[in-house]
Amino acid sequence: MSKRKAKDINLTAGECLSEVQRLLRERLCHQHLPIGPVGMESQYKHLLELLKRTAVHGESNSVLIVGPRGAGKTMLLNLVLKELMEVDEAKKNILLVRLNGLLQTDDRIALKEITRQLNLENVVGDKVFGSFAENLVFLLEALKKGDRSSSRPVLFTLDEFDLFAHHKNQTLLYNLLDISQSAQTPVAVVGLTCRLDVLELLEKRVKSRFSHRQIHLLSTMDFQSFLCSVELQLSLPPDFLDRRFSEDWNAGVKALCKDKSAEAVLKKHFNSSKDFRSLNMLLMLALSRVTVSNPAIRPTDLLEASRLCTSDAKANILHGLSILELCLVIAMKHLNDIYDGEPFNFQMVHNEFKKFIQRKSHSVHNFEKPVVVKAFEHLQELELIKPMDGSTARSQKEYQLVKLMLDHTQIMEALQKYPQCPTDVKQWAASAFG
């Protein structure tokens, strides 16, 4: 009887934890918009007024939202769009095109994406255009309902706006801003960027067509507010299925935020990034360590989550290399030391490796040259070494100049963690020169 009862309690605890995992993962992964623009009311009012003038009155505008990562630029824009779509006239008329500088890396891709989002693939068909401008004007003309005054307003949002400035001749920016300055289709261009010097990146002809309106968002959050946010993100709501479990869980979260070691982890995270997306990633990793036998988030879970968040991807690659590949990386490190960071070629690395084999090594096999070439090419595929611009076309493979993409600390840390690394290899790496 007692065994049966214990099993029931265990099952209930398991069910409660499953519900906690589901609820908190949904909260951390799918960020819901806040009820209002807390702390950014004036910026919200300014942006809403601008976009309303485009959506309702057909007035073209351009504006930049500038602020560090995590300051709430995207959230501000989404809050404004949410309210805008509640206005019947705007909802009926406005067309939204979202572009991102990380995805639309050139104007051709951007134009394809604009065509797709405006559902104009069938209209464009196999037409050939003389220029980007012609193509864009044709797309916007196709949206007209009849006469010029009844053109549907289009809102372009350009995330990572500064990356669009690196496109050839800044054609996309020029044409969008040119249309927003002319009396053609009503267009609003909203750029989001974390670069304060973004206007310096613009060409003169682009800059002259930009309205120079900027909305600045600065993160004013202190560490105490950050801790409150952590507590809020991890706490269970009052209407949770099991009230007693909910009270215990929330008490555990409170205790976690007051713990000195957990506070140190969160302080380090706060100092490196105030972006809530990276905080949610940290909390998600900590939450994934919660089990029936460990039914609360402990400071050690946060510490492990922080280690995973900040782990060096390149150093992790080194742990999976063969001894030969590791020896080649050490040989390159020595060449870096000798030639003060100047580029080198395979032949120089091979000579350095042969010197080590002949003078110091008793544990590393003397590999044939084709095997060493294969290992060197593998390091190139892993992007641990990078060919120098222009060196590939002119010279033979073994004389092409390359550069090591790792620093001394990364190599030494990886060697310490490398399983069963021969002692003479470690000693060679630690010696001043090969």
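Student: What is the relative accessible area of K354?

Tutor: K354 has a relative accessible area of 34%, so K354 is partly exposed (buried is under 20%, exposed over 50%, partly exposed in between, with a 1.4 Å probe and protein chains only). Keep in mind that this is a predicted model, where local features need pLDDT of at least 70, side-chain atom pairs count only at pLDDT 80 or more, and totals for chains, interfaces and linings use all residues. Residues are numbered from 1 along each chain as its sequence is written, and side-chain values use heavy atoms, leaving out hydrogens and water.

Student: Where is the place of K354?

Tutor: Look in helix α18, residues 346–359 (helices are DSSP runs of H or I, at least four residues, numbered from the N terminus). F367 lies 13 residues from K354 along the chain, and their C-alpha atoms are 9.3 Å apart.

Student: At roughly how many degrees do the axes of α17 and α19 cross?

Tutor: An axis is a line fitted to C-alpha atoms over the stretch in contact, with angles from 0 to 180 degrees between N-to-C directions. Here α17 (residues 323–338) and α19 (residues 369–381) have axes that come within 9 Å and cross at roughly 75 degrees. The two helices, α17 and α19, are therefore roughly perpendicular to each other (65 to 115 degrees).

Student: Which residues make the contact?

Tutor: On α17, find L324, E325, L328, V329 and M332; on α19, find V371, V372, A375, F376, H378 and L379 (contact is heavy atoms within 4.5 Å). By class, this contact of α17 with α19 has nine nonpolar residues, one polar and one charged (Ala, Val, Leu, Ile, Met, Phe, Trp, Tyr, Cys and Pro are nonpolar, Asp, Glu, Lys and Arg charged, the others polar).

Technical notes: Parallel < 35°, antiparallel > 145°, perpendicular 65-115°, else oblique.
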